[in-house]
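Visitor: I would like to learn how to read a model like this one. Please take me through it feature by feature.

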Amino acid sequence: MVLLILLSFAPLGVFSLQEQKEQSAGAQEILTAVITHKGKVVHKIKLTGHTGTTKYRFTNGKAYNVVVATDT
């Protein structure tokens with residue numbers, strides 16, 4: 001009975017280790033801004049390590065939107 005109680009905590013240990021690995025790998029992920037229009041990707045801007053200013057202007061007929069990424 002004691003063995004079964006101890007084994008019931010095994011999934012907690014497995015998922016804790018998996019979450020810890022994902023968090024340590026998350027520090028190395030690359031962030032990207034994705035600009036979409038009507039569900040389609042129009043432009044991507046890499047944000048990780050970004051320096052300076054990047055502007056993207058999306059025009060749809062007479063209307064337009066400007067997306068500005070500055071430094072990090």
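Guide: Start with burial. Buried means under 20% relative accessible area, exposed means over 50%, and partly exposed lies in between (1.4 Å probe, protein chains only). His50 has 9% relative accessibility, so His50 counts as buried. This is a predicted model: local features need pLDDT of at least 70, side-chain atom pairs count only at pLDDT 80 or more, and totals for chains, interfaces and linings use all residues. Residues are numbered from 1 along each chain as its sequence is written, and side-chain values use heavy atoms, with hydrogens and water left out.

Visitor: Where does His50 lie?

Guide: First, the naming. Helices (H or I, at least four residues) and strands (E, at least two) are DSSP runs, numbered from the N terminus. His50 lies in the loop between E2 and E3.

Visitor: Which side chain joins His50 in a polar contact?

Guide: The criterion comes first. A polar contact is a pair of N or O atoms within 3.5 Å; within protein, one must be able to donate a hydrogen and the other to accept it, and residues adjacent in sequence count only if both atoms are side-chain atoms. The side chain of His50 has such a contact with that of Thr54, at 2.7 Å. A polar atom of the His50 side chain also lies 2.8 Å from the backbone oxygen of Asp71.

Visitor: Which residues does His50 touch beyond those up to four places away in sequence?

Guide: Contact means heavy atoms within 4.5 Å. By that test, His50 touches Ile45, Ala69, Thr70, Asp71 and Thr72.

Visitor: Is Ile45 buried or exposed?

Guide: Ile45 is buried, because its relative accessible area is 5%. Ile45 lies in strand E2. Leaving out residues up to four places away in sequence, Ile45 touches Leu31, Thr32, Ala33, Ile35, His50, Thr54, Val67 and Ala69. By contrast, Ser24 is 21 residues from Ile45 in sequence and 24 Å away in space, C-alpha to C-alpha.

Visitor: Which residues form the largest nonpolar core?

Guide: The general idea: in soluble globular proteins, nonpolar side chains tend to be buried together. A nonpolar core is a set of buried Ala, Val, Leu, Ile, Met, Phe, Trp, Tyr and Cys residues joined through side-chain atoms within 4.5 Å. Here the largest one has five residues: Ile35, Ile45, Tyr56, Phe58 and Ala69.

Visitor: Which residues make the nonpolar surface patch?

Guide: Like charges are joined within 9 Å, nonpolar side chains (Val, Leu, Ile, Met, Phe, Trp, Tyr) within 5 Å. Areas come from the Shrake-Rupley method with a 1.4 Å probe; for residues, only the protein chains shown count as cover. The patch covers about 840 Å² and is made by Met1, Leu3, Leu4, Ile5, Leu7, Phe9 and Leu12. Helix H1 (residues 2-7) gives the largest share, four residues. Leu12 lies in helix H2 (residues 10-26). With a relative accessible area of 56%, Leu12 is exposed.

Definitions and conventions: Patch = residues over 30% accessible without salt bridge, like charges linked within 9 Å, V, L, I, M, F, W, Y side chains within 5 Å. Salt bridge = Lys/Arg side-chain N within 4 Å of Asp/Glu carboxyl O.
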